[in-house]
Amino acid sequence: MEGNKNLLRAEFIKMSGGLAFLMLSSKWLFAENIQAADLVNTLQKRQQYTTSLLKKLVTDIGPKPSGSKAYAKAAKVVFQEMKRSLPEVNYDKYTFDNWDPISSSDLIVGGQHIEAIPQKRGVGTTANGVQGIIAKSGNGFVIVDEQNATILAYFSVNQYGKAIAGSGSGNLSISVPVFGIGKQDIPLLERSVKNKQQAWIKSEYHPVYKAPGINVIGQIKGKSKKEILVIAHLDTIFNTPGANDNTSSVIVMLMLAHAASGRENKHTLTFIASDSEEYVYEGAYHYAEGRIDDNTIKDIRHVINFDSLTYGPNLWISSKNQDVKDLIHKIHKDLNIDAKPIFDESDGYVMDSLPFKPSGAKALHANSRGYDEKTLPVYHRPDDTADKVPLDCVEISFMVFDEYIRRIDVQ
């Protein structure tokens, strides 16, 4: 009789399409999650997973600035990856006003060309560019009008290497075009300042109104509403594929999600691939404001923000909470991880974790150091490519934070 029942059940499964019927079973759902967890349950699988996603998100897509079609394509890849293990995955969409650089030329000083990259969301020059005398201003340089000494453009210096997108404006009281230059060009510019040489540069911007912003949100419901939130930004600036900043960190987060899907969790786990981090954290703010509006932000007890986990094996942890620091130290010791975490006294509410400060959660912002001469020079550069990602740093980050999530989950 039992054999007949099994035969009938097998025939019914076959007639029903098999998988669709089995997915109705909670036991099958758990087994499916176990299978997803198996994606990352060995070092070899994690390296294969990382390499595969670096190709999809970095090599194949390239730069993915917020609001671009390339970013939307990357968000779709991440959405599909989350769906492999997380029962709830959604897009969190919003719009914002953007400014895309449409032209840029080198800084020309005394007839010599110097690589200069315009500021993201910056102010453009006139169509003919700006021309004047090169001068020093604080830690940067400026072009000054010869006739009235008005500052026409500002140049910030990348302390790590070649030119990256300009930042700040040297605390100038006026709004001017801002560009980034490399530290190797400082001697030439200082000689040009001494000789009061002529300088010229041009950059124009195109306004983009109501550009599409897309966060990807995945969640595993726990036994309680108490929540652990993990966030890593998916967007890059306009001229870099962003392998280390911050695609590799997104991949670490996805592996943590896969691993967590194969176990029962006390806390609800939320994983966010955020948009617009490079543009004043607009994606994180949009999601956090929604959580404030629906009165669920109070459920968040831990905020973990990943930003560039692969600059070296030594995790750089920002948190004012001593319990957080002690736990990171203990995990390194318990797992015998050959790295030395770095701690600072900055508030753990840094960058993409800042919008979640109203939750009052224990906050942790994670960066990294250790391979500075190799990894930091590619920061925000076109050569921040997949081959520049140290896989040992991916592994260390996964091991530490998988254990970190496990231990805070039982608290």
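I counted rings of Phe, Tyr and Trp (its six-membered ring) as a pair if their centres lie within 6.5 Å, with planes under 30 degrees apart as stacked, over 60 as edge-to-face and the rest as tilted. The model is predicted, so local features need pLDDT of at least 70 and side-chain atom pairs 80 or more, while totals for chains, interfaces and linings use all residues. Residues are numbered from 1 along each chain as its sequence is written, and side-chain values use heavy atoms, without hydrogens and water.

The structure holds 7 aromatic pairs. One of them, Phe401 with Tyr404, is edge-to-face, at 6.1 Å centre to centre and 70° between the planes. The two are 3 residues apart in helix α11 (residues 391–409), so about one helical turn separates them. Helices (H or I, at least four residues) and strands (E, at least two) are DSSP runs, numbered from the N terminus.

I then checked burial (under 20% relative accessible area, exposed over 50%, partly exposed in between; 1.4 Å probe, protein chains only). Phe401 is buried at 0%, and Tyr404 is buried at 2%.

Next I took helix α6 (residues 186–194), where Leu188, Leu189 and Ser192 are buried. They lie on the same side of α6, because their arc around the axis is only 95°, taken from the directions from the helix axis to the C-beta atoms. I noted that the buried residues of α6 pack against β2, β3, β5, β6 and β8, with contact meaning heavy atoms within 4.5 Å. Just after α6, I found Lys196 with a positive phi of about 50°.
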